[in-house]
Amino acid sequence: MFHLLCNRVSTTAPLRPLYSHLNRTQGLWRQPRSRLYTTQLANAGNSSGQPSNAAGRIWGLAQAAVRQSACWMSKPPGGALKFILGPVVLTISARVLGSVAYCQADVNNNVLLELQAKETEPEFDWHILWEFVKPQLFALLGAVVLAFGAAILNIQIPLMLGDLVNIVARYMREHTGNYMREMRGPALKLLGLYGLQGLLTTGYIILLSRVGERVAADMRKTLFQSLLRQDVAFFDSNKTGMLVNRLTADIQEFKSSFKLVVSQGLRSVTQTVGCFVSLYVISPKLTGMTVVILPCLVGAGALIGSFLRRLSRLAQEQVSKATGVADEAIGNVRTVKAFAMEEREMQLYAWEVDKSCEMNESLGSGIAVFQGMSNIVLNCIVLGTIFAGGSLMAGDEMSPGDLMSFLVASQTVQRSLASISILFGQMVRGLSSGARVFEYLSLEPTIPLSGGGRIPYKSLTGRVDFMNITFSYPTRPGQRILKNFNLIIPPCKTVAIVGESGGGKSTVASLLERFYDPSSGVIMLDGLDIRTLDPSWLRGQVIGFINQEPVLFGSSVMENIRFGKPEATDAEVINAAKQANAHRFITGFPDGYNTVVGERGVTMSGGQKQRIAIARALIKNPSILVLDEATSALDAESERVVQEALDRATTGRTVLIIAHRLSTIQRADLICVMSNGRIVEAGTHAELLSKGGLYADLIRRQRSEGEK
Ligand SMILES: Nc1ncnc2c1ncn2[C@@H]1O[C@H](COP(=O)(O)OP(=O)(O)OP(=O)(O)O)[C@@H](O)[C@H]1O
């Protein structure tokens with residue numbers, strides 16, 4: 001049995017190719033199911049006994065890693081990739097984007113049978129935190145110094161209070177001297193101490209809150225940038241709600257913990273140590289008693305506190321559940337209304353809210369009992385200290401001032417120890433929130449957003465070649481969508497792809513946009529592999545994309561069209577709207593181009609949204625236009641107007657049309673029929689009709705459906 005161990009696969013050369021492949025197929029490892037689940041790899045062992053594409057690739061890379069493994073057999077595994085090679089089991093420890101993955105091969109050594117993935121918490125990376133804290137280092141150091149100073153002053157307070165009490169006690173005993181004059185000095189000193197401590201506290205809180213806010217703001221900006229840089233495959237396998245939660249709740253939690261731990265942590269530790277020294281100096285005997293009792297009480301308090309925190313977490317989770325129900329119902333209010341499900345949604349929400357109310361009530365009762373008990377215990381400690389201290393005083397081992405100092409200092413120690421135990425829980429929560437945020441900060445997209453790739457100098461003719469493309473979606477690596485797909489789109493010609501639903505037509509468009517990269521094969525643009533081109537330039541300037549359900553942003557019509565070319569003048573926007581047959585209806589609105597379209601364009605009709613989307617695509621004057629069922633959601637009249645706009649838009653451009661309604665593509669220069677991930681027929685409308693094959697069949701079926 002070999003144990004090939006490495007904790008950080010990304011930094012270990014032999015496993016790097018394996019890691020980057022797993023990274024690319026991350027959806028496979030991170031499906032949102034239970035924490036421990038089994039996924040049968042579709043097609044894992046095919047009929048010929050060969051491993052499937054994805055499984056085989058992981059297998060090959062793992063074997064390559066095994067061959068090079070001799071020099072890095074160390075460190076205990078956090079998890080393992082497990083391969084059974086007949087009698088031999090290979091275990092490769094691999095942290096795969098926060099998941100630990102297990103793969104098994106059968107006894108024939110070459111087929112991956114199943115894959116198990118167990119979600120693990122991502123680890124907190126201190127280096128990343130340092131990068132955020134570095135720009136705020138001076139403010140942070142300032143805060144630390146001030147907080148430390150405030151804590152040191154706090155240690156002085158019990159001692160000075162004791163001095164005052166000693167003066168009072170002496171005066172009461174002897175009734176000699178000038179009471180006011182004796183008191184004035186120490187009282188003023190104490191007042192000064194209070195004032196200075198207040199100033200230091202104000203200073204460190206201001207500095208720390210500035211550091212916390214700036215670190216959190218930087219983290220938010222960087223995380224948002226990092227998320228938007230990710231490729232489409234990433235969003236296929238990560239829920240929007242969860243990602244937004246990282247931007248909001250997780251960063252908020254991290255910020256609060258950071259501020260609390262730095263300020264209170266430092267203060268509490270300094271005060272605990274300082275006050276313990278004071279206690280010992282005042283009375284070693286009493287301190288001995290305290291040392292025995294205090295830890296027991298603080299321990300019991302920490303235990304009950306952790307139980308209450310768990311309850312509080314559960315109650316918070318329940319509140320988020322209720323919010324989730326409300327969020328979904330309000331977000332999909334049209335669907336809820338269309339199915340008359342308002343009552344059911346109300347009940348669902350009421351049920352979740354009642355549950356959270358119950359939990360919060362229990363939590364409230366728990367906190368009340370805890371606080372009541374704490375009060376009793378703390379008062380008993382005071383009583384006990386006075387009791388024991390009094391007997392020491394009777395034996396002249398202690399002065400009244402010492403007893404006072406002891407009481408105040410021991411209370412400070414209790415408070416500090418209690419806050420350390422609470423802070424520890426807070427720190428754990430903060431670290432796990434931070435780790436969840438950092439996890440996505442260091443994630444590199446497989447397809448970079450921009451840079452690296454080049455931008456050709458010459459203007460494009462717009463010829464596109466799909467050469468031998470094979471493709472599976474990263475979330476379903478076992479299902480091959482395109483198989484040896486070949487297609488040439490000549491410059492300034494219109495090519496239409498038709499075929500059965502789910503046959504892979506939209507996938508072809510996604511590959512051209514480079515939302516995904518093919519598993520094998522090349523897509524060429526004017527003879528250049530699109531993987532060598534700058535993706536930002538490709539999507540932003542070369543390809544215009546219009547799909548079935550265009551999504552608009554909740555701003556004005558003008559801004560929505562300008563989204564296609566941010567530097568466009570008003571005249572350019574209006575011109576694009578005219579080309580898209582949108583100018584007339586836009587100027588018909590009371591606010592014209594300043595009309596706000598509502599969230600996701602909800603105040604526009606389907607045809608209007610589509611024409612704004614066409615204007616948005618046309619304003620960048622793309623060489624290639626991709627129309628993915630652009631008119632299929634429209635009624636006949638809207639379709640006529642949109643089609644007219646599209647006919648105008650497509651002139652002089654290379655156009656790829658993906659169509660359901662065959663009536664819209666009959667004038668295309670080439671029509672390709674797709675089945676099972678490849679093109680099975682190609683020709684003009686007339687040629688394909690006369691051939692009497694699949695296309696003729698589709699036309700016949702659509703005509704007969706239209707007549708029904
Ligand atoms: N993001 C994705 N992740 C995983 N599988 C996907 C994804 N998008 C599409 N698929 C799958 O890929 C296959 C082809 O989908 P595609 O959308 O390309 O088909 P289509 O021919 O355009 O279908 P339709 O005509 O119904 O729009 C389908 O089986 C679909 O379930």
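The questions and answers below set values from a predicted model against the definitions behind them.

Q: What kind of model is this, and how are residues numbered?
A: The model is predicted; local features need pLDDT of at least 70, side-chain atom pairs count only at pLDDT 80 or more, and totals for chains, interfaces and linings use all residues. Residues are numbered from 1 along each chain as its sequence is written.

Q: Why are H5 and H6 called roughly antiparallel?
A: Helix H5 (residues 137–174) and helix H6 (residues 179–229) pack at an angle of about 160 degrees. Axes are lines fitted to C-alpha atoms, for helices over the stretch in contact, and angles run from 0 to 180 degrees between N-to-C directions. Angles under 35 degrees count as roughly parallel, over 145 as roughly antiparallel, 65 to 115 as roughly perpendicular and the rest as oblique. H5 and H6 are therefore roughly antiparallel. Their axes lie 8 Å apart.

Q: Which hand does the crossing of H5 and H6 have?
A: The crossing is left-handed. That term applies if the near helix is turned anticlockwise from the far one by less than a right angle; clockwise gives right-handed.

Q: How do the residues of the contact of H5 with H6 divide?
A: There are 24 nonpolar, 7 polar and 4 charged residues. Ala, Val, Leu, Ile, Met, Phe, Trp, Tyr, Cys and Pro count as nonpolar, Asp, Glu, Lys and Arg as charged, and the others, Gly among them, as polar.

Q: Why do H9 and H11 count as roughly antiparallel?
A: The axes of helix H9 (residues 284–331) and helix H11 (residues 342–394) cross at roughly 170 degrees and come within 9 Å. H9 and H11 are therefore roughly antiparallel to each other. Their contact has 23 nonpolar, 10 polar and 5 charged residues.

Q: Why are S13 and S17 called edge strands?
A: Six strands form an open sheet in the order S13-S14-S15-S10-S16-S17, with mixed pairing. Strand S13 (543–547) and strand S17 (678–683) each pair on one side only. The twist averages 20 degrees from one strand to the next.

Q: How do you know that S16 and S17 pair?
A: Two strands pair if DSSP finds at least two bridges between them. Strand S16 (residues 670–675) and S17 have 5 bridges, in the antiparallel sense.

Q: Which strands pair with S8?
A: Strand S8 (residues 464–472) pairs with strand S9 (residues 480–489) over 6 bridges, antiparallel. Phe471 stands opposite Leu482 in S9. S8 also pairs with strand S11 (residues 520–525), antiparallel, over 5 bridges. There, Val464 partners Leu525, and Asp465 partners Met524.

Q: What joins S11 to S12?
A: The link to strand S12 (residues 528–529) is 2 bridges, and the strands run antiparallel. Met524 has Asp529 as its bridge partner in S12. S11 and S12 form a hairpin with 2 residues between them, and Asp526 in the turn has a positive phi of about 50 degrees.

Terms used: Helices (H or I, at least four residues) and strands (E, at least two) are DSSP runs, numbered from the N terminus.
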